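Trainee: I have a structure here that I have never looked at before. Can you walk me through it?

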Amino acid sequence: MKSTHLSLIAGTVALAAITGFATLNAPGGPAVAEAGSASSLPVERSSLVCPAPSTSDLAETQYTSYTPPGSETAKGGGAKGGGAKGEGEEGTAELKPALPVLDDDEVETDPKKIKKAEEAAKKAKAQADKPVLAVKEPGTPVLAEADGSAAPALVGTATGRLAPGWAAQQTTTVTAGGARGLLGVSCTAPDTDFWFPGVSTARSRQDYVHLTNPDDSAAVADIELFGAKGAVTSEVGDGITVPARSSVALLLSTLTDEAVNDLTAHVTTRSGRVGGVVLTADDGSGADWLTAAADPSGTLVMPGIPADATSVQLVAFAPGENDADVKVQLMGKNTTFAPAGNDTLHIKSGMTATIDLKDITRGEPGSLRLTPVEKNRATPIVAALRVVRGTGAKQEIAYIPATGPVGARASVTDNRAKGSTLSLAAPAATAKVKVTTSAGSGGGEPAVETYTVKAGTTTAITPKPPAGLKGAYALTVETVSGGPVHASRALVLPEGGVQMFTIQTLPDDGGTVVVPSARQDLSVLDD
């Protein structure tokens, strides 16, 4: 009994390091994990998925992947003190091609065609087993490139010391056509619930929701759409099957007969889990990815509106039973202020509301903060910004969804020698953060800087690339002291006179989990 009891305690700690939390009851006795007595351990396994980059033959995509250093794990991938081992002595972090989705609408009877299809499936399976990206060690990014429309979605897992904080990005340049633009997206962790304020089924828009399944069994998802008048009728948004280790893309305008400019999409899964992102393309304004907004909350922050933004639109949705009334405030370079004529927004329950904030930043970087008008009535909402730079034929769009704070640490990959701007916003209290520029994927020396962000302001930083930079580098932000900090990275790559840009937010990387501290209860042990 003694050895069984102690091994169960060790197993509980190991399970918590993988899943985030675990409790244990000894047979016939009380729990051996005390609430309120806990410690943080590095995660031992992380999953990421990346959507198929583009349908354009002109697309040029760069993938980057990175694990920040400093996570203390034992060799073999377990947290110090024991735990499950990762794959290989030091763990792995690989992104591999997703499997193609086969058309099963028709039953093939021609033996030659059947054989050809079987050979194609076998070839696809072999390709899916070959990593596109594989991180070798913490602190050094890796990159890969792909051209054209055939680049697949990616699915991957990191284990051992490469799991905590693992991040990846795909950045695609399309210089012409309806999908023109700089399309950047941080690869996402699979989940079961996503909100996308800012999508559209208007005739001028081509919005595709990409659902990628990293697991070995099929997932089933539902998509709901909500406009200014409430739910939008759809008969084909339910029961969408996403095959194992595969990705599907659905054009939102095919889910309904209604052409609506501003919508909120809600994606949930009935079974399994998926990674969800939306590729938006706007006639005349380019294209970019819209990632999921932070979970519904009474207070939201959208960091990093560019100083030269020519148009900013806020899209918000109240998913609960109550209407929401929120203050709209811009956290600028030196202070917080309310935009003239748009200091509050009323959002009806189950409906999408918008505000045209125009050129709200007026030459200075800023971040948008939404707070309840009445502190005792904090109705949860979701929100995102649609940001435009340039005018006329040289317009370019990007999105900033509401995001959680940096927390302990957050990283973003694919920073070049020029073009990156890191925005830091402190909505509640002054904070100090540490910003690390990693070594380059092909060489360079990492560097560390510390910044203080005053309460109610936004600080925009042009990171200094690593000395001797070769390739791409990663940025890691860590909260040192003070209040919460929300962050985003803007990447600008001019092309043909157009200031192509994309913006990625930096929420906490979830690199650690809180593990209840086990205590030995002698009352359940035999003598």
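**Salt bridges and a strand pair**

Mentor: Start with Glu90, which forms a salt bridge with Arg161, the closest N and O atoms being 2.8 Å apart. A salt bridge here is a side-chain nitrogen of Lys or Arg within 4 Å of a carboxyl oxygen of Asp or Glu. This is a predicted model, where local features need pLDDT of at least 70 and side-chain atom pairs count only at pLDDT 80 or more, while totals for chains, interfaces and linings use all residues. Residues are numbered from 1 along each chain as its sequence is written, and side-chain values use heavy atoms, with hydrogens and water left out.

Trainee: Which parts does the Glu90 and Arg161 pair tie together?

Mentor: Glu90 is in the loop between strand 3 and strand 4 (93-97) and Arg161 in the loop between strand 7 (154-159) and strand 8 (167-174), so the pair ties together parts 71 residues apart in sequence. Strands are DSSP runs (E, at least two residues), numbered from the N terminus.

Trainee: How many salt bridges in the whole structure?

Mentor: Twelve. One of them joins Arg409 to Asp509, with the closest N and O atoms 2.6 Å apart.

Trainee: Is Arg409 buried or exposed?

Mentor: Buried, at 12% relative accessibility; Asp509 is partly exposed at 24%. Buried means under 20% relative accessible area, exposed over 50%, partly exposed in between (1.4 Å probe, protein chains only).

Trainee: New topic. What joins strand 3 to strand 6?

Mentor: Six bridges, and strand 3 (residues 60-66) and strand 6 run antiparallel. Two strands pair if DSSP finds at least two bridges between them. Glu60 has Asp147 in strand 6 as its bridge partner.

Methods: Helix = DSSP H or I, 4+ residues; strand = E, 2+ residues; numbered from the N terminus.
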